[in-house]
Amino acid sequence: MANNKKRGKGTSRTRAAIILGVLVLVIAVAACLALNGFGQGTMVRYMKPWAQAIPQGIDLRGGASATYQADKASANGNDFATLLTDTVGRLENRIANKGYTEAKVAKVGTQGIRMEIPGVQEAESMLNLLGKPGALEIQTPDGLTLLTSDAFSAASVEDGGVSFTLTSESATIYEQATTANVGGALLVALDGETIATLPVEAAVTDGKGIIKGETMTAEDASNLAILIQSGTLPLTLTQQDANVFTAEEGTKAANGAVLAGFIGFALIALLLLVRYRLAGVAAILSLIVHALLVVFLLAVFGAQMTIPGLVAFLAGLGIATGANMLFLERFRTELIGGRQLRAAYNTSYRRALSTIVNASFVFVIVAVMLLQFGTSAVNGFAVTLLISALVWVFTSVFVTRLLMSQCIDLNIKNPKCYVG
């Protein structure tokens with residue numbers, strides 16, 4: 001009988017050691033893949049190194065952001081909400097035609113529009129282009145409007161100017177105007193200012209032409225073509241704020257956050273080891289799993305990492321540490337009180353569980369409220385906080401519990417191995 005008990009304990013200890021070894025190996029492999037990915041050429045986002053897998057916000061990679069307020073009076077009695085949506089679409093077209101395909105344009109509240117443009121070089125010029133109404137007109141020599149922006153079906157940069165094609169109906173009007181002004185010129189006005197003339201040598205019957213100005217630069221021509229392609233903004237916009245971020249500032253902030261994270265984690269690990277010994281090792285492994293899962297989920301969902309997002313990640317790691325310490329401190333108290341390992345483990349887990357879940361629920365509510373009612377500037381913080389809150393419940397309740405259970409099954413009965 002005694003031999004069977006010893007054999008059973010030996011088998012249990014061996015199984016626990018094998019399980020712990022496998023868990024540690026899995027965590028090590030996951031950490032290696034997080035740092036190095038499956039190779040630089042992989043097309044699957046979350047299989048890349050985490051520095052590449054998570055898209056960076058403009059405050060990290062550099063770029064510009066701006067918020068505009070739409071004037072309700074400029075709707076002229078038409079449905080404002082519909083015109084605001086149309087304005088967002090036209091702004092998206094302008095940005096995309098400039099080559100910034102990763103930019104975001106979104107409505108803010110009932111009248112606002114916020115734009116974020118990563119990687120933009122000439123930020124001031126770009127924001128000026130976006131804020132322009134873009135009302136293009138072809139006028140008679142005495143200033144009467146013949147055609148507006150809606151008359152153009154296509155435009156492109158050509159020979160230092162902007163070639164255009166008119167719609168069929170507008171082409172007829174243009175033909176009549178050029179016939180009446182042979183030997184003269186028509187005027188081109190943008191937002192009420194004459195920017196070029198259209199010399200008329202003969203009647204134009206194909207609805208095509210080219211706009212050139214004496215002072216028109218290549219950038220002016222490119223911007224004009226973009227304005228023609230996107231059309232006039234349906235609403236008048238007023239810029240409320242604008243921010244420009246350099247890539248150097250973002251890199252410095254990211255490096256500082258990473259360094260702070262490593263130093264903080266090292267101090268936390270030291271505290272856990274000193275105070276909780278073997279149980280602290282389980283908590284440290286649980287925190288590593290927490291960090292890996294948060295990063296993995298951010299990559300899977302394509303969440304954008306920003307400086308506030310980095311703050312939320314570090315804060316989430318700190319709160320996860322608190323959740324683990326809540327469980328471990330109760331475990332420590334039970335051991336000091338004279339309970340056996342398994343009994344102390346079960347009691348501490350049962351008493352800490354509701355507190356951990358309730359605290360996580362509070363943070364989930366905060367994150368959801370920020371996502372629902374906050375501006376896009378806090379979205380990175382809110383998304384990272386939400387993911388962190390859900391993950392730390394999993395790691396605190398399941399991962400730490402699994403690791404602790406296997407540590408106890410090693411049958412190391414000396415309380416000093418668990419209590420510092």
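User: Is T178 buried or exposed, going by its relative accessibility?

Analyst: Buried means under 20% relative accessible area, exposed means over 50%, and partly exposed is in between (1.4 Å probe, protein chains only). T178 has 1% relative accessibility, so T178 counts as buried. The model is predicted: local features need pLDDT of at least 70 and side-chain atom pairs count only at pLDDT 80 or more, while totals for chains, interfaces and linings use all residues. Residues are numbered from 1 along each chain as its sequence is written, and side-chain values use heavy atoms, with hydrogens and water left out.

User: Where is T178 found, and what does T178 touch?

Analyst: Helices (H or I, at least four residues) and strands (E, at least two) are DSSP runs, numbered from the N terminus. T178 is found in helix 6, residues 168–180. Contact means heavy atoms within 4.5 Å. Not counting residues up to four places away in sequence, T178 touches L186, V200, A202, A203 and V204. The side chain of T178 also reaches the backbone oxygen of E175 at 2.9 Å.

User: How are two packed helices described?

Analyst: Two packed helices are described by the angle between their axes and the distance between the axes. Axes are lines fitted to C-alpha atoms, for helices over the stretch in contact, and angles run from 0 to 180 degrees between N-to-C directions. Here the axes of helix 11 (residues 341–373) and helix 12 (residues 379–409) come within 8 Å and cross at roughly 170°. Angles under 35 degrees count as roughly parallel, over 145 as roughly antiparallel, 65 to 115 as roughly perpendicular and the rest as oblique. Helix 11 and helix 12 are therefore roughly antiparallel to each other. By class, their contact has 25 nonpolar, four polar and three charged residues. Ala, Val, Leu, Ile, Met, Phe, Trp, Tyr, Cys and Pro count as nonpolar, Asp, Glu, Lys and Arg as charged, and the others, Gly among them, as polar.

User: How many residues does the largest nonpolar core have?

Analyst: A nonpolar core is a set of buried Ala, Val, Leu, Ile, Met, Phe, Trp, Tyr and Cys residues joined through side-chain atoms within 4.5 Å. The largest one has 60 residues, and L328, F331 and M404 have the most contacts inside it. Helix 1 (2–36), helix 8 (247–276), helix 9 (278–300), helix 10 (307–336), helix 11 and helix 12 each supply at least two residues of this core. Leaving aside neighbours within four places in sequence, L328 is in contact with L272, Y276, A279, A283 and M404. A second, separate core of 51 residues includes M115, M126, V204 and L235.

User: Which residues is N324 in contact with?

Analyst: N324 is found in helix 10 and is buried, with a relative accessible area of 2%. Leaving aside neighbours within four places in sequence, N324 is in contact with A283, S286, L287, S396 and T400.

Conventions:
Polar contact = N/O pair within 3.5 Å; in protein donor to acceptor, adjacent residues only side chain to side chain.
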